Amino acid sequence: MTPEQFLATGTTLKWLLGFAWLMPLAGFCVEIFAGYWSNRRSKTAAWLSVACIGCGFLLSLGAFITWGSATKWGALAAPASHDDHAHGHEMAVVRGQQPDAGAVPHTHGPGGHSHSHGDHQHTHGDAAAHAPYSYAFSGKFYNLAAFGSLVIDIDYYIDSLTITMFMMVTLIATCIHVFATGYMSDELTDDYEDHEVHLSGGRHFHRPGRYYRFFAFLSLFCFSMLGLVLAGNIFQVFIFWELVGVCSYFLIGFYVERKSASTAANKAFIMNRVGDFGFLIGLMVLFTWFGTFKFADTDPETVGQAGLFQMLRDHDGKLDIEGSGLDRTVYLQNGAGGRWVDSHSRQPRFIPYWLLTIAGLGVFAGCIGKSAQFPLQTWLPDAMEGPTPVSALVHSATMVAAGVYLAGRFYPMFVPEVLLVIAYIGVITLFIGATIAIVVTDIKRVLAYSTISQLGYMMLALGVGGWFAGLFHLITHAFFKSLMFLASGSVIYGCHHVQDMQQMGGLRKKMPWTAAAMLVGVIAIGGLAIPTPWFALAFSGYHSKDAVVATSLAFFSLNQHHLLLFVLPLVTAGITSFYMFRLWFMTFAGKPRDQHVYDHAHESPRVMVVPLIVLSLFAMGCAIYGENGPLARMILASEPSQVAPGLAATGSVPFSLPGHHHVHEKHSTAGILALLAAATGAFLSYAFYGAGWVNPGAIKEQLKRLHAFLTDKWIFDSTYDVMFVRPAHVVARWAQSFDRSVLDSLLHRTSKSMVDVAKWDRKFDESVVDRLVNVVGDLTFSAGRSIRGLQTGRLRQYVMFIAFGVLGLFLALFAFLPRG
């Protein structure tokens, strides 16, 4: 690919994904202005909104074809052989340079993980090694402002991960939009009666339907997420990051008249702001020391203007570190293979290592809030107060995915210490979420805790060096989790808004399509498979979870003292299988527990069933061929260059990170262990809730305290209530008392004093000033009246006065003038 072709391809991708990004915004406008040319009982505007997001998917598909054609499908080429776990692809170019056809074969690591450059065959995951931006295109849409050295642009950064995320988000969002046209049909009315809001006299709250408002928020949510994915700089990410949070606030609090919904929306908004505080700190540190927000610059016409990733790491993905302990410094790179020298001081630019660690932790704090990781995970289950299509979108393709996506995108900026924190946050989260899901009986909340647990898996994978495994699981999870949420929505719709699984049972006869779709999702997330000598018959979740567990095992084998990072995810794989099959058995198998609910249950209409079928197909096959499949290769093509070789422990690095060959060596063992754990969980679930061999009530009675502890959600909400809410209430009451007792009293006394002063002033004004003025006025008036007799208007009288006057003057002259 020549530089001209590189630029032309980048421009095409820019506009394709740019329009795909703006299509949901067009859908938002359609819904906002629908009220002017439609009525509340029409679905026309909603279908136009569906068409907009559907066009977004087609444009994303066009970008995928364009990107693949430009790179001659190098990233998706079939591997040379499975034994060496090689991936073939064309050596692409960096900033439009020609491929290095003369490169010689070399090996990585002790496993002899060899590959050849000369025949364009690469080893597993080495797509980005030595050419980290081979398949990436960056540029600028528009310059917003420039304040000295601070330049704020609307940038784009497009690589295979961007395109994959675009296709995933728009496809899932299209299915959810279609599903919602049926699920939200109750809102197609001028008088919606909310039975969850009780008024005095036993009445319920009445309001106009909000059908259009729902789709408007949904479209804006998609626009925000796509903007975040397309963003080419960290500041732009933060803007769309916040917009995603605002949209979630609107959607979670959609039934704002319900106290539970408004409280949940506030909780989600506030807890995300806690994480965003750290995000802002990270942003300030980065701009202060790097002077730019841009990720990377791949434009061949602007060589030398490096982005954050290029400034921190060289082409091999290594950090340029000097010193030891707290005196360690990281020298910044110029993007051309050397240190960045300051133009004024002529000295190399650097950043203290500890400050780079703080910046990474700050950015990850934002990910903790957005992706509901420990200790900010408590908002996500409460977010179930929103309509079910919202839950499907939030939990699969948009909000919670944003945190994992940012951690993956920002991966080159994380130092090993930050990765270890990410790993432990992830492993704690996955275990907490899974254990709570065991005792929850609300069908949507089981899925919510499942989401928390799976997000923990993704974070764990990123933390232990499995960049590919984390993002692989993100994509597969998006499909089967959106499928399961829509299936749960179908159950709730068919059971007339009953969500408690204790009132269900036997619904597979009434809802066969929904039951089958949910079973596909359960098998996918459970990680079950049928191994054969050649391949494994498995759905998407098996492949991605297998990759996560394999990476954890490889990390543990290199760092024996981090046992929990392998044991907990392995145990949780079994727990996941247990509670997900528990959900299916309690809902669809056995006998009805509530005959009234069962008698009135029915299958959902076709407009809701078709999206379930589409998502089921992707939940089964999106990860086909596992880590040798097209989805895996698409993700690997964007892998940061430092991941493939791994990282060996040194004096300054306290632990090792596994490379691809380490993970590959552990893959079979990890796969067998994970499959055994999942099968055990599924069998126990069948024994408890399918066959009824074990009485769950008896176990619950035996483990009463543990059950209460899990039902209380590990007492996180209670603890936060004691630590933050109650002290805040105490401070609020003290402030209220101070306000009433001191400030109000002071103001009242001051006001009274002012009133008294005003009274005295009034008296003085009335008694003195007014009286004096009145006296003067009266005197003037009296004087005027007294001389009024002289102003008669009679000419003869005036002539007489003049005559007497003249006579008086003569007499005065004779009397007083001196005589000579």
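1. Basis. The model is predicted, so local features are limited to pLDDT of at least 70 and side-chain atom pairs to pLDDT 80 or more, while totals for chains, interfaces and linings use all residues. Residues are numbered from 1 along each chain as its sequence is written, and side-chain values use heavy atoms, with hydrogens and water left out.

2. H15 and H17. Helices are DSSP runs of H or I with at least four residues, and strands are runs of E with at least two, numbered from the N terminus. The axes of helix H15 (residues 467-494) and helix H17 (residues 540-558) come within 9 Å and cross at roughly 155°. H15 is therefore roughly antiparallel to H17 (over 145 degrees; under 35 counts as roughly parallel, 65 to 115 as roughly perpendicular and the rest as oblique). Axes are lines fitted to C-alpha atoms, for helices over the stretch in contact, and angles run from 0 to 180 degrees between N-to-C directions.

3. Contact of H15 with H17. On the H15 side the contact (heavy atoms within 4.5 Å) involves Phe-468, Ala-469, Phe-472, His-473, Thr-476 and Phe-480. Their partners in H17 include His-543, Lys-545 and Val-548. By class, this contact has six nonpolar, seven polar and one charged residues. Nonpolar covers Ala, Val, Leu, Ile, Met, Phe, Trp, Tyr, Cys and Pro; charged covers Asp, Glu, Lys and Arg; the others, Gly among them, are polar.

4. H5 and H11. Helix H5 (residues 211-230) and helix H11 (residues 388-396) pack at about 5°, with axes 12 Å apart; the two are therefore roughly parallel. Phe-214, Leu-218, Phe-221 and Cys-222 in H5 meet Pro-389, Val-390, Leu-393 and Val-394 in H11. That contact has eight nonpolar, no polar and no charged residues.

5. Salt bridges. The whole structure has 21 salt bridges (a side-chain nitrogen of Lys or Arg within 4 Å of a carboxyl oxygen of Asp or Glu). One links Lys-267 with Asp-382, the closest N and O atoms being 2.7 Å apart. Lys-267 is in helix H7 (residues 259-290) and Asp-382 in helix H10 (residues 379-382), so the pair ties together parts 115 residues apart in sequence.

6. Annotated spans. An unreviewed UniProt entry places "domain: NADH:quinone oxidoreductase/Mrp antiporter transmembrane" at residues 231-297 and 353-553; such annotations may be inferred rather than shown by experiment. Residues 231-297 are 76% helix and 0% strand, and their end C-alpha atoms lie 13 Å apart.

7. Backbone. Most residues other than glycine have a negative phi, and most peptide bonds are trans. Phe-374 and Pro-375 are joined by a cis peptide bond, with omega about 10°; Pro-375 sits in the loop between helix H9 (353-370) and H10. Lys-713, not a glycine, has a positive phi of about 60°, and lies in the loop between helix H24 (704-711) and helix H25 (716-786).
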